[in-house]
Amino acid sequence: MTIFNFDAFVNYLFNSFLLGGVGVTIGLTVAAVIGGLCLGMIIALMRMSGKPLLAFPARFYIWFFRGTPLLIQLVVIYAGLPLFGVKLSVLQSALLGLILNEASYMAEIVRTGFLAVPKGQTEAGWSLNLSRRTIFWRVTLPQAFRLMVPPLGNSINGLLKATSLASVISVEEIMRRSDLLMQEQFQVLEVYAAATIYYLILTSLWDLVQARLERRFGRSVNATTASTTSLSFLRR
Amino acid sequence: MTIFNFDAFVNYLFNSFLLGGVGVTIGLTVAAVIGGLCLGMIIALMRMSGKPLLAFPARFYIWFFRGTPLLIQLVVIYAGLPLFGVKLSVLQSALLGLILNEASYMAEIVRTGFLAVPKGQTEAGWSLNLSRRTIFWRVTLPQAFRLMVPPLGNSINGLLKATSLASVISVEEIMRRSDLLMQEQFQVLEVYAAATIYYLILTSLWDLVQARLERRFGRSVNATTASTTSLSFLRR
Amino acid sequence: QTCTPAISDDHLVEPGKLMLSINPTNPPQQYVDDKGQLQGLNVELAAEVAERLCIQIELVRMDFPAMIPAMNAGRIDGLNTGMFWNEERSKLMYTVPYSQQSISVAVLPDSDVQMAGDQDLLGKSSAVEVNSYQMAWLNKFSETAAAEGKSAIDVRSFPTASNVVAALRARQVDNAVLVDSVARDLVGRGQVKEVLSGLGKTRATLAFRDKAVADAIVTALNEMREDGSYDALFEKFSLTPLAQDEPLEIAGPGPAN
Amino acid sequence: MTNSTVPAVKLAGVMKRFGNFAALSDVNLDIAAGEKVVICGPSGSGKSTLIRCINHIEQHDGGEISVNGIRLDRSAASVAKVRSVTGMVFQNFNLFPHMTVLENCTLAPRSTLKLSRAKAEAQAMELLSKVRIGDQARKYPGQLSGGQQQRAAIARSLCMQPKIMLFDEPTSALDPEMVKEVLETMKALAGEGMTMICVTHEMGFAREVADRVVFMDRGSIMEQGRPDAFFSNPHTDRARQFLSQIIH
Amino acid sequence: MTNSTVPAVKLAGVMKRFGNFAALSDVNLDIAAGEKVVICGPSGSGKSTLIRCINHIEQHDGGEISVNGIRLDRSAASVAKVRSVTGMVFQNFNLFPHMTVLENCTLAPRSTLKLSRAKAEAQAMELLSKVRIGDQARKYPGQLSGGQQQRAAIARSLCMQPKIMLFDEPTSALDPEMVKEVLETMKALAGEGMTMICVTHEMGFAREVADRVVFMDRGSIMEQGRPDAFFSNPHTDRARQFLSQIIH
Ligand SMILES: Nc1ncnc2c1ncn2[C@@H]1O[C@H](COP(=O)(O)OP(=O)(O)OP(=O)(O)O)[C@@H](O)[C@H]1O
Ligand SMILES: Nc1ncnc2c1ncn2[C@@H]1O[C@H](COP(=O)(O)OP(=O)(O)OP(=O)(O)O)[C@@H](O)[C@H]1O
Ligand SMILES: [Mg+2]
Ligand SMILES: [Mg+2]
């Protein structure tokens with residue numbers, strides 16, 4: 001018995017069924033990140049608003065959706081909601097579950113980012129008679145975003161794999177399709193190796209995006225902070 | 001057929017088999033967090049050292065372990081390594097996989113934390129003739145830790161559920177035991193509801209710890225930063 | 001289309017379509033080929049039944065835990081996933097047993113382990129597919145043995161048969177406990193050696209939420225048995241049909257209401 | 001008040017609390033259009049709070065504040081109107097670090113006044129040249145010296161064509177060499193007849209530019225007067241003590 | 001140099017580059033034990049770099065630096081020895097924000113000098129009282145005013161019983177009122193005979209305390225002399241121009 005069948009690995013790598021799963025993974029991840037970020041931002045803003053009527057539901061949301069497994073959320077949305085007359089398609093269910101879940105994590109990421117923007121920035125906006133909307137979109141958000149990028153990277157990397165949970169409600173992405181494929185020949189390591197390559201490619205694509213984002217949003221700030229913050233404790 | 005059998009739910013809630021799974025989940029999570037944090041810190045320090053010989057392997061590590069699914073890592077460690085003569089037990093495999101994987105995420109969290117500690121803190125340490133070790137443990141780390149707490153919370157919440165992936169190598173934690181339990185009666189929602197309660201309890205426990213940590217490490221800093229940073233853009 | 005469907009729309013969750021769930025991780029009963037197409041006995045059986053009932057059958061691929069909630073939620077009409085029959089299940093759904101299964105014990109081809117009977121499993125570690133009949137059987141067997149003061153079995157469960165085989169190959173377990181059809185398949189590929197077979201005979205079953213659907217299926221299955229296509233199908237996949245003297249019918253009482 | 005037109009700023013019995021602490025108590029102050037007022041006083045005396053209330057960055061809890069005849073009545077409309085005639089310069093500049101100096105200067109005109117990009121940029125370049133940093137327009141704030149940053153902040157305010165400029169210790173975060181260039185800029189502005197209210201401890205500037213010096217302590221105005229009179233002969237002990245502290 | 005013992009600080013041909021930029025070029029300076037030296041000069045002239053090199057916070061690229069007879073030769077031992085006799089006070093205080101003032105003051109004595117907690121605290125309380133913030137010992141830095149923070153930073157340095165104190169613009173981040181209290185503290189220290197090297201633009205302090213003023217520009221020492229001579233009659237044009245800028 002050979003340990004690793006290289007030809008089989010190459011075959012799996014260019015298997016169109018697996019490749020279709022890559023598309024599903026990408027689609028779910030992108031949708032969940034964008035939807036989760038938007039919803040998470042709203043929840044973070046509610047939580048930080050200082051108004052208990054907004055903050056409490058936001059805290060509850062984060063507690064609940066971050067605290068319960070995505071798998072269960074998906075099953076409940078897919079198979080529980082119809083009992084109450086809400087019947088979503090498989091794809092809708094998967095997207096809703098992923099977005100609701102992701103938003104609870106994003107809310108904390110967004111909150112941390114905004115906590116680091118000095119109050120003076122907002123005050124300067126007021127003094128220039130900028131609208132609340134402009135202050136948010138043009139002044140605070142771009143600065144908060146800088147600190148949100150690395151944890152966002154963690155989140156997206158996690159999500160690329162977490163989408164596999166959607167297989168419980170019959171969404172077949174890379175991981176699920178790998179499991180299905182390996183039933184035929186039991187070439188576990190070969191199939192997983194092919195899946196790993198795909199994941200690494202997707203991660204690397206994000207790394208490129210992240211590097212661009214860090215440069216774009218760190219641009220100006222780096223001029224100042226690069227000199228004031230550092231990890232120089234490593235030398236003496 | 002009743003939609004939700006409350007008695008069955010209560011029974012599952014106090015089911016000793018499920019309770020045992022809670023122990024497994026806690027054990028794996030705690031070990032992975034502690035191990036991942038320690039290893040992640042080393043990798044983050046390597047990445048930030050400025051020395052290519054240290055930084056490059058660290059970058060590679062983060063890229064690889066964050067980029068590949070935990071599930072595959074676990075299978076390779078459990079069922080792949082023995083082919084090369086390294087045979088770890090189920091528990092050892094699960095712990096190794098979880099720690100290796102978690103460390104890649106922790107490294108990014110640690111890095112973000114340290115990036116926010118001003119260089120002047122280290123310089124003050126030097127000028128007081130503190131040892132490198134003292135500067136790290138007493139000066140920079142406690143300050144970096146403050147910004148690491150919220151993303152750490154995300155990570156731990158994620159991990160509580162990610163441990164269920166260890167079931168691929170026959171570790172039976174909450175989620176897997178839920179699946180086993182529901183075989184008998186198919187009371188899926190009831191079993192999942194019980195599991196959800198456990199997860200929420202575990203999450204809430206962490207929330208308490210997080211609140212304490214945020215207070216402990218934000219203590220002094222809050223006096224200054226609470227007034228300089230804020231989310232006041234929400235009001236006009 | 002010239003025929004009329006044997007099942008009217010008011011018995012179905014989707015008009016004109018019979019929706020059955022399937023978890024294709026169990027060759028040769030159900031699996032996918034390298035193009036992602038469903039294959040296996042249960043798939044062909046469904047196609048055959050569809051023709052006879054003059055109704056389209058859609059096989060919905062999903063994980064086992066979601067199936068019962070999906071049925072309760074009115075998303076599927078039944079399960080066609082090679083589930084084993086038991087008393088409990090027959091009270092939850094209208095179950096139609098249609099094949100025989102037994103359990104085999106497999107070891108690596110180069111192993112010189114011999115087994116005389118199920119008692120030889122005790123004190124060893126066995127890999128088994130989670131949520132499967134084999135697992136339930138193995139656990140019960142082990143518990144009984146333990147209650148009698150003998151050593152128990154170290155049962156390790158894995159999500160799919162491929163993980164079971166991977167664990168065996170990595171020598172993480174002493175043996176793999178598989179459903180007979182899978183074991184035979186693997187023996188054919190030279191990947192394992194069968195050391196015990198014919199353990200814990202049971203029946204695999206289809207399951208439905210609506211009695212009219214179950215009745216229609218029973219009718220179709222009996223037709224197939226009449227004209228020999230039932231046995232031919234099982235022959236093709238080297239699986240075991242129900243014995244001639246066992247009727248193809250709804251087993252057990254069905255849901256209480 | 002020598003001027004019969006509407007006062008630029010009118011404070012009557014203004015109160016401001018932070019929790020239990022009264023940061024401003026019963027502050028009355030009239031400032032005529034075109035007047036230059038310097039506010040000084042010990043740390044924590046409420047100077048910043050006072051000018052921040054005028055701009056509604058802090059909301060006062062009692063009394064009345066009118067700016068250019070517009071009464072600040074908590075309505076969004078009155079706040080917007082008041083802010084449209086006031087400009088504010090902060091101690092820490094508060095430039096937007098992620099925008100170039102030019103973008104800093106055009107953001108508000110473009111988004112609030114709906115000026116076209118070309119118009120906003122032309123105006124910004126003109127004002128940046130006026131504060132003598134026209135050549136820095138494409139740089140980011142982090143790339144400028146403190147003095148240049150503060151002048152950029154002044155230009156940014158001027159781009160909204162305020163009638164009244166508020167300064168909160170505009171030079172105290174600057175290196176000594178850079179203080180001078182910012183004070184020069186402010187003097188030039190004063191020469192153009194703009195109403196200016198300036199919290200500062202630069203006594204040279206006060207002497208040279210101010211029409212009036214207002215001395216605050218513990219949330220109240222203790223005394224006020226012409227700079228020469230105030231510096232040479234303060235009425236209150238507290239002011240005398242304060243002056244002896246800051247002139248070393 | 002009037003003193004025949006080892007010089008407190010001796011710099012010979014010191015060079016320091018950042019990338020291609022020479023921040024210090026050929027700096028020679030001898031400072032006797034007990035001497036008070038004020039360093040001034042325009043922004044970017046290398047003042048901070050100079051005193052940071054003395055403490056090995058920056059590593060010089062050429063020339064020789066000896067402190068109290070110990071030559072800084074890049075070895076960890078020489079660095080530790082030099083740091084054991086020098087104390088540094090930064091413009092931004094750089095207190096450890098997560099520790100109380102007392103903990104700030106006892107960390108180094110306890111961890112580096114291995115003093116017992118009781119001993120370290122007794123010494124810290126004594127020095128905190130000396131800089132007149134004994135009553136603030138249990139507070140966190142964030143709860144203190146700038147002047148109090150800087151005095152805490154001075155006390156923290158003194159707890160390591162340095163022979164030579166280095167100050168880098170210790171008052172330039174302070175409100176005007178607080179400058180005085182810190183300068184008083186520094187004067188008191190000077191009166192005790194400690195060697196002091198201080199980057200500052202407080203000319204009053206220089207006149208009163210310094211034995212010598214060193215004027216730097218573009219990485220070099222341009223001139224030096226007794227304070228009265230330097231202020232009234234600088235030799236170089238550059239110094240003359242600089243003095244006209246900062247005295248307004
Ligand atoms: N947001 C706030 N919350 C609580 N107290 C505040 C706040 N802002 C100001 N204060 C308090 O109000 C008082 C007046 O503050 P203010 O900033 O107006 O003083 P100031 O005269 O500008 O002092 P400085 O010269 O230090 O700038 C101070 O005691 C300050 O602690
Ligand atoms: N870490 C660094 N990397 C690159 N250049 C630096 C660094 N530190 C200082 N410089 C440069 O070296 C020169 C001297 O800097 P230094 O801080 O010593 O000047 P300074 O005289 O203290 O000025 P200031 O009065 O502004 O504090 C400046 O041009 C500065 O930009
Ligand atoms: Mg103020
Ligand atoms: Mg300097």
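Begin by selecting chains A and B together: 65 residues of chain B are in contact with 65 residues of chain A, contact meaning heavy atoms within 4.5 Å. This is a predicted model, in which local features need pLDDT of at least 70 and side-chain atom pairs count only at pLDDT 80 or more, while totals for chains, interfaces and linings use all residues. Residues are numbered from 1 along each chain as its sequence is written, chains are lettered from A in the order in which they are written, and side-chain values use heavy atoms, with hydrogens and water left out.

Next, show the side chains of B:Glu214 and A:Arg111, which meet in a salt bridge at 3.8 Å, N to O. The rule (a side-chain nitrogen of Lys or Arg within 4 Å of a carboxyl oxygen of Asp or Glu) finds four salt bridges across the interface of chain B and chain A.

On the side of chain B that touches chain A, at least two residues each come from α2 (16-48), α3 (52-67), α4 (70-80), α5 (90-115), α6 (119-127), α7 (132-162) and α9 (188-228). Of these, α9(B) gives the most to that side, with 13 residues.

To see how the two copies are related, superpose them by least squares on the C-alpha atoms of residues with pLDDT of at least 70 in both. The same surface serves both copies, since 97% of the contact residues of chain B recur in chain A.

Move on to chains D and E, where a rotation of 179 degrees with 0.0 Å of shift along its axis superposes chain E on chain D (RMSD 0.0 Å). That is the relation of a two-fold axis. In chain E, the C-alpha nearest the axis belongs to E:Ala173, 3.3 Å from it.

The mean for chain A is 86, and 91% of its residues reach 70 or more. Over residues 221-236 of chain A, however, the pLDDT is below 50, and this stretch has 48 contacts in the model beyond near neighbours in sequence.

Terms used:
pLDDT = per-residue confidence, 0-100. Helix = DSSP H or I, 4+ residues; strand = E, 2+ residues; numbered from the N terminus.
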